[in-house]
Each structure stands twice: as C-alpha cells, then as structure tokens.
Amino acid sequence: MSRIGKLPVVIPAGIQVAIHGQTIAAEGPKGKLEFVCHPAIRMAVEGGQVLVSRSAETRQNRALHGLTRALVANMVEGVQKGFEKKLELQGVGYVCTLAGNKLSLRVGFANQIVKLVPPGLTVTCPDQTHININGCDKQLVGEFAAAVRAVRKPEPYKGKGVRYLGEQIKLKAGKAAKA
C-alpha cells in the first residue's frame, strides 16, 4: 500500500465534497475546485472522509494512488484556507505595479514586462518591491509565482532579481576577489 495513499483525507466543517464518476469537486469559503482522476483510481466519501483506493497493483497505479490522495488533500486545504506565495524584487530601480489584472514589472530590461493574472488568483502589491499571490488552487498559485520569478531570476554575483520572500541566494565571489 502507498503510505500516503492509504491515509484518509478528513473533510473539515463547512467544506462540501462531491464525487460524480471520476470527478471530485470541493467547495468552501475560498472557492470551488474540481479534479478528474485516472480511471484506475477509485474515490469514496465515507463518514466525513475521502478514501482513495486503486484497482490493481501495477507500478503506475501505485504512483497514481498517492498522487491522487495528495491532490485531493490540497483541494480540501485550498478551499478551506487557500494558498499564498510572496515574492520580492531585489535591485536598484526594480519596481512592480498592478493595474486591474495586469502585473507590470520593471526589472532592469529596456522595456516593461507585463504578466496577465490568471482568473482564480488574487495578486496584490503592498509596496513597489513585494508581490503577494493568493488563491485556492495550489498548482495555479505556484505556477504563476514561478512565471513571475522566471522574468528575472536572482543572479549569483549581486543577488539582483525576483525571488521568493526569504529565499537565500548563494553569492559568488567576483573576479576582483579571486586575485
């Protein structure tokens, strides 16, 4: 048995979980999420818990068993509490602004980089050098945060760029420090 897959997902109060065939839907105060699982995986709601099981003992089914259980657990946590990623801009003149659903970044290029905020996410800029990304879908939050960070990754000599809040960048010594 999969150690992760055999654990039941507890459904907290205020969260509705419904299963229709291979589709599971979770709804709570932060939003609504749906997921279509693989046909080899079975799900059932029993006694305030979601139980995930597999039909056969193949390698792929064992992998999908734990994966499906983790995705369902993330759905339940997302519609209850939500997920958040925080980014910071490090560098002279590096600025971010938010206008409607467009996040504009000035990070040392000749032009301004504009990223469209996907539906289902809430992006705020408390000041010009910090970005907060909130949403109920963990994958969508992480994917958008990674896309914003990829605009200008922190470079290893001065540490300038877009980084996650609290991320440690290992700085290299320059040519002058070698001699």
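A salt bridge, as the term is used here, is a side-chain nitrogen of Lys or Arg within 4 Å of a carboxyl oxygen of Asp or Glu. In this predicted model, arginine 149 forms such a salt bridge with glutamate 167, and the closest N and O atoms of the two residues lie 2.8 Å apart. The pair links distant parts of the chain, since arginine 149 sits in helix H2 (residues 138-151) while glutamate 167 belongs to the loop between strand S13 (161-164) and helix H3 (175-178), 18 residues apart. Arginine 149 has a relative accessibility of 17% and therefore counts as buried.

The structure holds 2 salt bridges, and arginine 54 takes part in one of them, with glutamate 57 as its partner and 3.1 Å between the closest N and O atoms. Arginine 54, at 9% relative accessibility, counts as buried, whereas glutamate 57, at 53%, counts as exposed. Turning to charge as a whole, the protein carries 26 positive and 12 negative charges, whose mean positions are 10 Å apart.

The overall fold comprises 3 helices and 13 strands. The radius of gyration is 21 Å, well over the 16 Å that the globule rule gives for 179 residues, so the protein is more spread out than a compact globule. Along the principal axes, the C-alpha atoms fill a box of roughly 65 × 45 × 25 Å. Of the contacts with a separation of 6 or more, 52% involve residues 24 or more positions apart.

Buried residues make up 35% of the 179 residues, and the protein exposes about 10700 Å², of which carbon and sulfur atoms supply 53%.

How values were computed
Residues are numbered from 1 along each chain as its sequence is written. This is a predicted model: local features need pLDDT of at least 70, side-chain atom pairs count only at pLDDT 80 or more; totals for chains, interfaces and linings use all residues. Side-chain values use heavy atoms; hydrogens and water are left out. Helices (H or I, at least four residues) and strands (E, at least two) are DSSP runs, numbered from the N terminus. The radius of gyration is taken over C-alpha atoms; the globule rule is 2.2 Å times the number of residues to the power 0.38. Buried means under 20% relative accessible area, exposed over 50%, partly exposed in between (1.4 Å probe, protein chains only). Contact means heavy atoms within 4.5 Å. Accessible areas come from the Shrake-Rupley method with a 1.4 Å probe; for residues, only the protein chains shown count as cover. Lys and Arg count as positive and Asp and Glu as negative; His and the chain ends are not counted. The place of a charge is taken as NZ of Lys, CZ of Arg, CG of Asp or CD of Glu.
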